[in-house]
Amino acid sequence: MLYVSQQQSWQVNKPLSLKVNSCIRRTQSGKGPCRTVAFTALADGTETSIALNSLTSIRVSDMEAGSTVSAIRSQRVLVGEEIQPALITIKEGKIHSILPDPGAALNTAGEVLDVGNSLVMPGIVDCHVHVNEPGRTDWEGYWTATRAAAAGGVTTIVDMPLNSIPPTTTLQNLHTKLQAAAGQCFVDTAFWGGVIPGNQLELRPMIRAGVVGFKCFLIHSGVDEFPHVSDSDLHKVMRQLQGTGTVLLFHAEKEVPQLLEEDGDPSEYSTFLRSRPDVMELEAIRTVTELCLRYQVRCHIVHLSSAQSLEVIRAARLAGAPLTVETTHHYLTLSAEDIPPRATQFKCCPPIRGTANQEQLWSALRAGDIDMVVSDHSPCTPSLKQLDSGDFSQAWGGISSLQFGLSLFWSSASKRGFSVPDVVRLLCKKPALLCRLGNRKGSLTPGHDADLVIWDPEKEFTVTEDNIHHKHKLTPYLGRTLCGEVKGTVVRGNLVYFDGSFSPQAVGQHLLLEQIRTPAAL
Ligand SMILES: [Zn+2]
């Protein structure tokens, strides 16, 4: 591979021959020194033609996945709300400075990664990921999930408390999970705890141990070891959480009396969709908003799928509820009308709804009524998707998508007028703030962790079994062409993914909230 950057002198670290072909552009109205030159480089027997802007010299280095990066230079860095040329310097895993002159000399001896015109912005923070390890590691695991995350420009994941066995519902179980994840993560990983009936006395010890918040269900969760809570459980839980600063996440669906008995064809998507109507979300969200207003504990609605609940959410926020809302890439990208019969890889709960509803979700994102977009990566073994029968009622509900979040979002969002700063707000900053990681994750700021994604927003690629790094290849996005390809991912200055290769070491850390940020009374 060939990386070219501007340096004070010619420095070639490996066999290379260069042949300058022509001067493309000169300064001073065509009379001054050559500023842009086209040349042919021959390295490792491969001929490469490159045009360099403002060429003073070139340098070839061998930076590859696994390298520690001291600085990144690009013609396109997101600095504040603007995209501009810059040199980002990195010290001890933190962003040290962002210099507007990408040609600035580096004061340290380390390696500069010059990514040319690729866009550099904060790494994605995906705060809704089911890793499933330990206990259901055959569904997904830390090694595969975090490599897929790295390949998708995700630098932090937050692991959900359920689908692993044991679920993260006690302090001891949290320790079991931390042990299972140790040494296996290619990106940084934080942890949600779980609220189930009767475990309210475990919650504060888990907060002290560093969980970023809790999740509960108001309906069957899909796994028996993570039962859902009742209204009376929730009052006890809220009293435990008051004053801690933590956040309670709600899977917002509630059983409601069905108006019609369902007896449609279970291999038709419409049959499944009718079994989880919008009103199930609406009723659950009414419960959440009442609790949130009454107890003033931060509450968060995960994977909002139905736009019919937006009015209740808006009203609660206006009334002072500390309430946030996420939606997922699948609700913004896929629509019920396009799901073929038997295609159970599209099944998730709440369900993917119709295109009119999807448009309203996009409007709510634009208006700020939905705060963030996450993957809700929830894979399983292919056999649990019941593809043989194509029975939506029996298939596992969960969509595999962690690796493709940025590209999925950008493919649709860019066409709707969303900008790169919007992407950073919705996929990086807001999720980091939800998890109280906003002081080190989610923005490109000196002092923050040097977590970066390097990507080409204009470049298209097709999702194939070969480029999927999840444990299983089954995903509704197989064969889809997406816009925005990730070239590299940096986690605290470590180049964990670059040009299709991974760091040999799993350098991800556990992100446990420091005790100092929780009140002494805990
Ligand atoms: Zn989930």
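Student: Which residues of H7 are buried?
Tutor: This is a predicted model, and in it the buried residues of H7 are Met-280, Glu-281, Ala-284, Ile-285, Val-288, Thr-289, Leu-291 and Cys-292.

Student: What span does H7 reach, and what is expected at 1.5 Å a residue?
Tutor: H7 (residues 278-295) has 18 residues and reaches 26 Å from its first C-alpha to its last, which is close to the expected 26 Å. Just after H7, Gln-296 takes a positive phi of about 55 degrees.

Student: What makes E13 a strand that is largely enclosed by the rest of the structure?
Tutor: E13 covers residues 154-159, and six of its six residues are buried, so the strand is largely enclosed.

Student: In which sense do E12 and E13 pair, and over how many bridges?
Tutor: Two strands pair if DSSP finds at least two bridges between them, and E12 (residues 124-129) and E13 have four, in the parallel sense. Within this pairing, Val-129 stands opposite Asp-159 in E13.

Student: How many bridges join E13 to E14?
Tutor: Four bridges join E13 to E14 (residues 188-191), and these strands run parallel. Ile-157 stands opposite Thr-189 in E14, while Val-158 has Ala-190 of E14 as its bridge partner.

Student: What is the hand of the crossover from E13 to E14?
Tutor: The chain crosses from E13 through helix H3 (residues 171-181) to E14, and this β-α-β crossover is right-handed. The label applies if, with the strands pointing away from the viewer, the path from the first strand over the helix to the second runs clockwise. E12, helix H2 (residues 142-151) and E13 also make a right-handed β-α-β unit.

Student: What is the order of the open sheet of four strands, and which are its edge strands?
Tutor: The order is E12-E13-E14-E25, with parallel pairing. E12 and E25 (510-511) are called edge strands on the ground that each pairs on one side only.

Student: Which are the edge strands of the open sheet of six strands?
Tutor: That sheet has the order E15-E16-E17-E18-E19-E20, again with parallel pairing, and its edge strands are E15 (193-194) and E20 (372-374), each of which pairs on one side only. Inside the sheet, four bridges join E16 (residues 214-217) to E17, and Cys-216 has Phe-250 in E17 as its bridge partner.

Student: Which members of the largest nonpolar core touch the most other members?
Tutor: Among its 137 residues, these are Val-120, Leu-248, Phe-250 and Val-496. Helix H12 (residues 420-434) gives the most to this core, with seven residues. Leaving aside neighbours within four places in sequence, the contacts of Val-496 include Ala-65, Ala-150, Phe-186 and Phe-502.

Student: Why is Arg-436 called buried?
Tutor: Arg-436 has 20 other C-beta atoms within 10 Å, so it counts as buried, the cut-off being 20 or more. Arg-436 is in the loop between H12 and strand E21 (452-462), and it has a positive phi of about 55 degrees although it is not a glycine.

Student: Is Arg-492 buried or exposed?
Tutor: With 24 C-beta neighbours inside 10 Å, Arg-492 counts as buried. Arg-492 is found in the loop between strand E22 (481-491) and strand E23 (494-498), and its phi is near 45 degrees, a positive value in a residue other than glycine.

Technical notes:
Residues numbered from 1 in each chain as written. Predicted model: local features only at pLDDT ≥ 70, side-chain atom pairs only at ≥ 80, totals over all residues. Core = buried A, V, L, I, M, F, W, Y, C linked by C-beta atoms within 7 Å. Buried ≥ 20, exposed ≤ 12 C-beta atoms within 10 Å, placed from the backbone. Helix = DSSP H or I, 4+ residues; strand = E, 2+ residues; numbered from the N terminus. Contact = placed C-beta atoms within 7 Å. Expected span 1.5 Å × (residues − 1).
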